[in-house]
Each structure stands twice: as C-alpha cells, then as structure tokens.
Amino acid sequence: MIIRKTRGQIEKMARAGEVVAGCLEMLRQGCRQGITTAELDEKAEKYIRKHRGIPTFKGYRGFPASICASPNEVVVHGIPGRYGLKDGDIVSLDVGVTLDGWVGDAAVTVAVGEPGQLALRLMEVTQASLMRAIAKSVPGNHLGDVSHAVEEYVEANGFAVVRTLVGHGIGRDMHEDPQIPNFGTPGDGPRLEAGMVFAIEPMVNAGTHRVVVGEDKWAISTADGSLSAHFEHTVAVMKDGPRILTLGGSGEAPGLGTALPLW
Ligand code: MG
C-alpha cells in the first residue's frame, strides 16, 4: 500500500531532506584525492548529528556506516573504509537522514580530479535520467511512466540501467511501497496521486546491466568491472507538480539547480 502524506508531513520530510542535501554538498566538496571513504563517513555522521538527525543507514540490517560510498565499478552500498580517492575516480555517495521521525534519502556521483570522458558522460546521463523521471512524477501519471523515463533516456545514450535494484516509496520508513524500477512501460503500475513520496534512484552502468555482490555481502558492483553512476532524490508528488525534497535550503543539490528542466 502506498502511504500518502499530508502537506504538513511533506514539510517535515523536506526538513530531513535539507539535512541530506547539506550533507551531500559538504561531502562533494570533501571528495579530494587521498581522502578515504571512512573519513567521508565520519564527516557525514558529524554533520547529520549536528543537525539533529540520525543517519538512517547506520545499523540498517546491520549496515556498519552512516553513508554508502561506492567508487568506480561499485554501483551502490559500498561500505566506507580505507579506500583513498584517486584522481580520475568517480564515487557515488548515498545519504539517508531521519529527522523527527521522517526520512530523506538522496545520492550523487562525484568526480575526483579529472575523470575520463566516459565517466563524465555516464554521470551526466544518469543525472539527466533522474530529472526526466522526476518530471514524470505528477498526479495522473503512472509509476511506469517514471520508470520508463529513466530507461528510455539511459538506453538512448548507450548505457544500461541496473535491473535488480530499485527506488522506493519513503516516509516514516526509508523503504515503503512502491518499488520503483528504473525500467518499465508507460501507463503501467499504480496511478500517481498527490501526497505520494518517492526515492527515485537511477543506477546506470557503462557496460552490462548485470551486477555482483561483494565479499562483504553489501557492496554491489558491475559484473564486467565497468563504471557505474547513481543519482537519487526524494520527491513528493504534489497537485501542482513534483517537489524535490532533497535540494536543500540553498536550492542547490550538487549539480542540480532549483528549476526542473523543461523536457
Ligand atoms: Mg534510496
């Protein structure tokens, strides 16, 4: 069952989303050569707690850290550790914050130094596919329209969407109904209504869509070792259009302006 939120509840989720966005921006600026993903995790936890939030991921099904940090071929769920970022890396950072009982969830892929053209294009296409999906998150559309928007754009650009991992409804719990695949058929699935809130999160690979689970049982990587990117926002379906709850007070999540692009 998809739980619809009131305007007041969506405001509360936006407060959690602001902390997520601020944390991601702080991390983006900290992604310099030599810093370890464990250091990024430590900075994130401090930031979240300083803003009265709880790092939602910490302890979730035993996850040991506050953020997921997934470099290069790691798609999602990388456990922060001793890995030091290198010039040319890309690293996906995923942050969840619970504030006053409501959850915000967002992710960005960040370039370290000067990655190659393929990496930059992969990041651009993934981010643009997210914005296209957000633009479809309006009352009267169907969930399949949102999913299809990602798939269509990603595949037209020669990349592959991960099929075994999905976005999700979000609210008091990080993972609520519905599941939001990054592929689908327009017109399929539940009809969208005002008050629904989704974490939409394209995970896009430069090579095969297939993924493998690492020895730590958490990190998920591309099966062929190709690069992967991940962008995510928490988005409320409102009567007058989608509202991104993880843009932050400045209105600028990493790389994203306030206005939705006019596709
Ligand atoms: Mg998520």
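## A quick tour of the model

Let's start with a residue at the surface: Arg52 is exposed, with a relative accessible area of 58% (exposed means over 50%, buried under 20%, and partly exposed in between, using a 1.4 Å probe and protein chains only). This is a predicted model, where local features need pLDDT of at least 70 and side-chain atom pairs count only at pLDDT 80 or more, while totals for chains, interfaces and linings use all residues. Residues are numbered from 1 along each chain as its sequence is written, and side-chain values use heavy atoms, with hydrogens and water left out.

- Arg52 sits in the loop between H2 and strand E1 (54-55); helices (H or I, at least four residues) and strands (E, at least two) are DSSP runs, numbered from the N terminus.
- Phi of Arg52 is near 70 degrees, which is a positive value in a residue other than glycine.
- Asp100 also has a positive phi, near 50 degrees, and is not a glycine either.
- You'll find Asp100 in the loop between strand E4 (90-99) and E5, and Asp100 is exposed, at 55% relative accessible area.
- The peptide bond from Asp177 to Pro178 is cis, with omega near 0 degrees, and Pro178 belongs to strand E8 (residues 176-180).

**The magnesium site**

- Four protein donors hold positions around the magnesium ion: Asp105 (OD), His168 (NE2), Glu201 (OE) and Glu232 (OE), lying 2.1 to 2.4 Å from it.
- Donors here are N, O and S atoms within 2.8 Å of the metal (3.2 Å for Na, K and Ca), and sites may look incomplete because water is not among the atoms.
- Along the chain, the donors of the magnesium ion follow the spacing D-x62-H-x32-E-x30-E.
- Asp105 in strand E5 (residues 102-111) and His168 in strand E7 (residues 167-169) are 63 residues apart, so this pair links distant parts of the chain.
- Asp105 is buried at 2% relative accessibility, and His168 is buried too, at 4%.

**Helices H3 and H4**

- Two packed helices are described by the angle between their axes and the distance between the axes.
- Helix H3 (residues 117-135) packs on helix H4 (residues 143-156) at an angle of about 150 degrees, with axes 8 Å apart.
- That angle makes H3 roughly antiparallel to H4 (over 145 degrees counts as roughly antiparallel, under 35 as roughly parallel, 65 to 115 as roughly perpendicular and the rest as oblique).
- The axes are lines fitted to C-alpha atoms, for helices over the stretch in contact, and angles run from 0 to 180 degrees between N-to-C directions.
- The contact (heavy atoms within 4.5 Å) involves Val125, Ala128, Ser129, Arg132 and Ala133 of H3, plus Val146, Ala149, Val150, Tyr153 and Val154 of H4.
- Ser129 of H3 is buried, at 0% relative accessibility.
- Leaving aside residues up to four places away in sequence, Ser129 touches Val150, Tyr153, Val154 and Pro202.

**Helices H1 and H2**

- Helix H1 (residues 7-30) and helix H2 (residues 37-50) cross at roughly 150 degrees, and their axes come within 10 Å.
- H1 is therefore roughly antiparallel to H2.
- On the H1 side, Val19, Gly22, Cys23, Met26, Leu27 and Gly30 meet Leu40, Lys43, Ala44, Tyr47 and Ile48 in H2.
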